[in-house]
Amino acid sequence: MLTWRLWRALRYPDDDKPLFARVQAQPSTIPGRKLIQRLDPIMNVLTTFMSAALVVVAPLVLPALANLLGGLIAFNIPNTINREREGGTYDLLALTPSGLGVSNWQIAAACTARLNMVERLASLRTLSLLTVGLLFAASLSYALVLTPLALVLGLMALNVDAIQSILVGCLSGMLAQEFSRRSATFASVAIFIFVQLILVYLPVALLTIALLGLLRPLPLDRWLSEGIVAAVALLVLSALRELIIRLMWRALERRLL
């Protein structure tokens, strides 16, 4: 799958390249940074309580954090490219042996690395695994609504969703600067939101609701029906986003390679 190839490229970037090192050393652009800095004392107090609560809600926080980081990376990539243009170095990248395609990917990888996105997702996935393990043990002792099979498949779906959300953010940022250079930052966020909400989450949610309605009247055990719904949702989520990632990648190939 192209998803895993791109994700592996983000996890193990060419950090010895001069472009990667230069971009990674630059500051990240975070909307509302000044307001966040003013709230630092309050956030430090809340962090103590949130650390304990995060173990319970980690599976719910994972997709929210992945989308937040995906939107942030989509916002940062055009800003970094515009910074290269203002410095007169972006056009020179087209003359290098790797060309603009590889250079743009190095910029995206460097923006991802300087925000520590891979490490943040890995930490939250570990907490989510712990939460699912606790729910799995509880489901064996008590008659919970969620079955163990649905929990395991749900965790897999959250993991795939987090990885692909980051990739969509990278591709959105790379595509936006090719369509609109002046407003590329806002275009990249708009592309990311449209892909995530309209093209992915909405169809998967509607399919899940429809499938639950179809299986409810059938004489199936709860664990089997929930497992079927979770498996179908996981398959459709990953396949649909994989298709979108391939289409976005081909669009980049036509414009940058």
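Buried here means under 20% relative accessible area, exposed means over 50%, and partly exposed lies in between, with a 1.4 Å probe and protein chains only. In soluble globular proteins, nonpolar side chains tend to be buried together. The structure is a predicted model, in which local features need pLDDT of at least 70 and side-chain atom pairs count only at pLDDT 80 or more, while totals for chains, interfaces and linings use all residues. Residues are numbered from 1 along each chain as its sequence is written, and side-chain values use heavy atoms, with hydrogens and water left out.

The protein has 10 helices and zero strands, where helices (H or I, at least four residues) and strands (E, at least two) are DSSP runs numbered from the N terminus. Of its 257 residues, 42% count as buried. With contact defined as heavy atoms within 4.5 Å, 85% of the contacts between residues at least 6 apart in sequence join residues at least 24 apart.

Confidence is given by pLDDT, the predictor's confidence in each residue, from 0 to 100. The mean pLDDT of the protein is 79, and 80% of its residues reach 70 or more. Where pLDDT is low, the predicted coordinates should not be read in detail.

Helix α9 (residues 184-215) has 32 residues and should span 46 Å at 1.5 Å a residue, which agrees with the 45 Å between its end C-alpha atoms; the expected span is 1.5 Å times one less than the number of residues. Even so, α9 bends by about 35° at Y201, and a proline, P203, follows within four residues, the bend being the angle between axes fitted to the seven residues ending at a position and the seven starting there. The buried residues of α9 include F192, V195, V200, V204 and L211.

Helix α6 (residues 99-114), with 16 residues, reaches 23 Å from its first C-alpha to its last, close to the 22 Å expected at 1.5 Å a residue. In α6, 14 of the 16 residues are buried, so this helix is largely enclosed by the rest of the structure. Just after α6, N116 takes a positive phi of about 55°.

Leaving aside neighbours within four places in sequence, L121 is in contact with W7, L62, A66, L69, A162 and I166. In helix α8, L175 counts as buried at 6% relative accessibility, and beyond four places in sequence L175 is in contact with M248, A251 and L252. L175 and I77 are 98 residues apart in sequence and 9.8 Å apart in space, C-alpha to C-alpha. Q26, found in the loop between α2 (18-25) and α3, is buried with a relative accessible area of 15%. Setting aside neighbours within four places in sequence, Q26 is in contact with T80, R83, E84 and R114.
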